[in-house]
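Subject: Structure handover

Hi,

Here is the structure for you to look through. Please open it first, then read my notes below.

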Amino acid sequence: MNRITNPFLVYGYAGPDYFCDQKEDTQKLISALRNGRNITLMSPRRMGKTGLIKNAT
């Protein structure tokens, strides 16, 4: 992947190197999915829900 000059992305997912330090949330999501639990992600718009899901995969 090419290096990004602006670390403050407005759209898209550039990979874990540019994902805002949500390791605990990512681990909770992965753990819940592995154990077959249902999950609902709730937050205001543009707060990183899709990025969190992409980071977990």
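Start with the second largest pocket. Its lining is made by Gln22, Asp25, Leu29, Leu41, Met42, Ser43, Met47, Gly48, Lys49 and Leu52. Helix 1 and helix 2 are the elements that each give two or more residues to this lining. The pocket holds about 150 Å³ of space. By class, its lining has five nonpolar, three polar and two charged residues.

Some terms. A pocket is found on a 1 Å grid over the protein atoms alone, as an open set of points where a 1.4 Å probe fits, with protein on both sides within 12 Å along at least five of seven lines; lining residues have an atom within 4 Å of a point. The volume is the space filled by probe spheres set on the points, which are joined across faces, edges and corners. Helices are DSSP runs (H or I, at least four residues), numbered from the N terminus.

This is a predicted model: local features need pLDDT of at least 70, side-chain atom pairs count only at pLDDT 80 or more, and totals for chains, interfaces and linings use all residues. Residues are numbered from 1 along each chain as its sequence is written, and side-chain values use heavy atoms, with hydrogens and water left out.

Two of the lining residues come up again. Leu41 sits in the loop between helix 1 (23-34) and helix 2 (49-56). Leu41 is partly exposed, at 34% relative accessible area (buried is under 20%, exposed over 50%, partly exposed in between, with a 1.4 Å probe and protein chains only).

Gly48 is partly exposed, at 32%. What is the distance between the C-alpha atoms of Gly48 and Gly12? They are 10.0 Å apart in space, and 36 residues apart in sequence. Gly12 lies in the segment before helix 1, and is exposed, at 66%.

Last, the salt bridge (a side-chain nitrogen of Lys or Arg within 4 Å of a carboxyl oxygen of Asp or Glu). The whole structure has one. Glu24 and Lys28 form it, at 3.4 Å from N to O. These two are separated by about one helical turn, because they are four residues apart in helix 1. Glu24 is exposed, at 55%.

Best wishes

Terms used: Ala, Val, Leu, Ile, Met, Phe, Trp, Tyr, Cys and Pro count as nonpolar, Asp, Glu, Lys and Arg as charged, and the others, Gly among them, as polar.
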